[in-house]
Amino acid sequence: MATQPSRKCKKGEAIALPCMALLLGFMVWSAPVLAQASTDTSAPPIDSGLDFDSVKPVPLFTTGMGFIVPFEGGQPHLGPLISPVILAPLGSKWLIESRDTFESDLATPPGSNAFRGTVEKEVDYLQLDYIASPYATITVGRFLTPFGIYNERLYPIWIRDLQSDPLILPLGVGPSNAGTGAMVRGGFSLNPKVTLNYATYFSTLVTNETLSSARMAGMRAGIFLPGPRLEIGGSYQRLLQDDRSNSFGFHFAWQLPPVPLDIRAEYARTSQGSGYWLESAYRLTQVPVHRDFMSRIQLVGRMQEYYTGTDLDQAILPLNTKMFEFGLNYYLHDDLRFVSSFGRQFAQDDNENVWTIGLTYRFVLPMGHGEMH
Amino acid sequence: MRAHLLVGSLVIAFLASVSLLAAQQKSESPKPETMALASNVASNTRTDSATNSKAVTSAKSTDALAKTSATVKNEPMYDRIEGEKRFRANCGRCHQAPHKFPPREAATIVRHMRVRATITDEDMRLILKYMTQ
């Protein structure tokens with residue numbers, strides 16, 4: 001998905017540029033159409049006296065897509081991505097959910113002007129959830145590894161504020177960012193001002209390329225204060241194969257209630273290395289001039305560092321690396337936005353600029369009419 | 001390894017301290033805005049003034065406020081205000097401006113987010129109402 005500065009393009013099957021243009025055209029065309037559909041006034045009227053406990057949820061099909069063009073060290077890449085999500089509720093306590101990703105990183109091979117690359121397919125998650133109690137949900141299947149907050153909450157391109165992955169994203173999440181096994185998770189209020197959330201999991205080894213995962217166990221816990229909208233937490237993971245190493249992580253998220261400013265940070269320390277990222281995003285909704293235009297703009301900044309571990313063979317980057325990025329996003333619609341960023345990566349004898357421009361888009365469609373109990 | 005254990009212990013201690021601090025705050029008197037909301041809820045009811053007075057003075061927390069609003073039969077208003085608060089606090093951490101969805105779609109979305117974002121059962125119900133009203 002998103003631009004990883006160290007990523008190299010795989011040569012192989014060529015993908016025609018007209019397909020990308022078609023995707024882009026579809027995104028722009030369908031935004032207002034589907035947005036209208038999702039808020040269709042012909043939908044059943046919402047009765048304020050509706051008994052919400054009797055509402056039967058309807059299966060949903062939602063897709064996020066994007067077309068990202070990063071320039072890494074002056075070399076342009078084309079990054080089309082489609083990520084369909086299916087949510088299928090069963091009864092009042094079950095939910096089947098899955099997300100797949102089809103993406104490509106097209107680049108021009110030496111001596112050629114044509115963009116080439118392969119389509120990479122991956123099952124991000126395919127899981128069955130059972131809401132066992134108000135305090136616990138049991139999940140089995142393939143799930144996103146709950147280590148830190150980025151992988152689970154901020155990874156989709158329609159959510160992330162900067163399209164490049166944090167340098168430390170691969171730390172602690174296992175191969176392909178997912179685990180295969182079982183997980184127990186939940187959230188509950190300790191009191192009206194404090195909410196505790198937790199996730200504990202066990203994953204087994206899967207070597208299939210599309211569904212790969214490592215044998216590992218771990219947990220994440222966090223405390224959320226709804227008043228100041230502040231969350232802090234920590235993650236721990238034990239790898240149950242290879243070097244059987246431990247990984248630690250900490251996360252922090254703060255939404256200042258008086259201003260539309262998000263501040264997020266993560267730190268991770270593993271045998272593959274360690275590092276942190278700190279990101280802030282400010283939506284200009286409080287600027288008093290040209291309010292309609294300014295409120296659609298979001299300014300983003302991120303600072304991050306990665307340090308190689310003691311075992312350089314396992315390092316996710318060959319050198320200690322620093323990177324800063326500034327981004328500007330413009331929301332054409334709630335689900336359609338133009339994204340752009342500029343960053344500079346610092347590593348020994350390997351400094352480079354990273355530019356990114358693109359569009360991201362998401363729509364939601366019900367798969368049926370649903371019914372009342 | 002020793003450093004990891006030390007850091008882990010520090011984090012657990014910090015989390016425990018925050019919980020303790022927040023638990024202590026629970027016993028404090030309500031903030032003016034909470035009282036104002038409680039008063040607002042109470043003033044829009046059709047119940048007698050004695051019930052209102054009793055309800056307002058007992059509103060020392062959000063839970064108490066919930067019970068108050070239920071008592072005074074102005075639950076939709078309380079739910080709307082509280083639902084918006086919960087939406088901004090929970091969903092707003094990752095998502096932009098709130099959407100409105102038909103109830104059956106919203107019910108699926110909040111169930112998904114309950115798992116993904118580990119929101120509480122109570123938050124899920126209030127957010128569901130807010131997203132559909």
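## Antiparallel strands of chain A

In this predicted model, strand 1 (residues 60-72) of chain A runs antiparallel to strand 3 (residues 79-90) of chain A, and 9 bridges join the two. Within that pairing, A:Gly64 has A:Ser83 in strand 3 of chain A as its bridge partner. Strand 3 of chain A also pairs in the antiparallel sense with strand 4 (residues 94-104) of chain A, here over 8 bridges. Two positions locate this second pairing: A:Leu90 has A:Trp94 in strand 4 of chain A as its bridge partner, and A:Ile82 stands opposite A:Phe102 in strand 4 of chain A.

## Chain A as a whole, and its confidence

Chain A contains 3 helices and 17 strands. Of its 373 residues, 42% are buried, and among the contacts in chain A with a separation of 6 or more, 58% are between residues 24 or more positions apart.

The mean pLDDT of chain A is 85, with 85% of the residues reaching 70 or more. Two stretches are to be set against these values. Over residues 1-17 of chain A the pLDDT stays under 50, although the model has 42 contacts beyond four places in sequence for this stretch; over residues 31-48 of chain A the pLDDT is likewise below 50, and 17 contacts beyond near neighbours in sequence are present in the model. Where pLDDT is low, the predicted coordinates should not be read in detail.

A:Asn177 is placed in the loop between helix 2 (150-154) and strand 7 (178-191) of chain A. The residue counts as buried because 23 other C-beta atoms lie within 10 Å, where the cut-off for a buried residue is 20 or more.

Leaving aside residues up to four places away in sequence, A:Leu332 touches A:Arg337 and A:Phe338. The C-alpha atom of A:Leu332 is separated by 37 Å from that of A:Ser212, a residue 120 residues apart from A:Leu332 along the chain.

## Helices of chain B

The secondary structure of chain B consists of 7 helices and 0 strands, so that along the sequence the pattern reads α-α-α-α-α-α-α. Of its 133 residues, 37% count as buried, and 64% of the contacts between residues at least 6 apart in sequence join residues at least 24 apart.

How do helix 6 (residues 103-116) of chain B and helix 7 (residues 121-132) of chain B lie, and at what angle do their axes cross? The axes come within 9 Å and cross at roughly 145 degrees, and the crossing is right-handed. On the side of helix 6 of chain B the residues that meet the other helix are B:Pro103, B:Ala106, B:Ala107, B:Val110 and B:Arg114, while helix 7 of chain B contributes B:Met124, B:Ile127, B:Leu128, B:Met131 and B:Thr132. By class, this contact has 8 nonpolar, 1 polar and 1 charged residues.

## The loop between helix 6 and helix 7 of chain B

B:Thr118 is found in the loop between helix 6 and helix 7 of chain B. Its phi is near 50 degrees, which is a positive value in a residue other than glycine. Is B:Thr118 buried or exposed? B:Thr118 counts as buried because it has 26 C-beta neighbours inside 10 Å, against the cut-off of 20 or more.

Notes: Residues are numbered from 1 along each chain as its sequence is written. Chains are lettered from A and ligands numbered from 1 in the order in which they are written. This is a predicted model: local features need pLDDT of at least 70, side-chain atom pairs count only at pLDDT 80 or more; totals for chains, interfaces and linings use all residues. pLDDT is the predictor's confidence in each residue, from 0 to 100. Two residues are in contact if their C-beta atoms, placed from the backbone, lie within 7 Å. Two strands pair if DSSP finds at least two bridges between them. Helices (H or I, at least four residues) and strands (E, at least two) are DSSP runs, numbered from the N terminus. Axes are lines fitted to C-alpha atoms, for helices over the stretch in contact, and angles run from 0 to 180 degrees between N-to-C directions. A crossing is left-handed if the near helix is turned anticlockwise from the far one by less than a right angle, and right-handed if clockwise. Ala, Val, Leu, Ile, Met, Phe, Trp, Tyr, Cys and Pro count as nonpolar, Asp, Glu, Lys and Arg as charged, and the others, Gly among them, as polar. A residue is buried if 20 or more other C-beta atoms lie within 10 Å of its own, exposed if 12 or fewer, and partly exposed in between; C-beta atoms are placed from the backbone.
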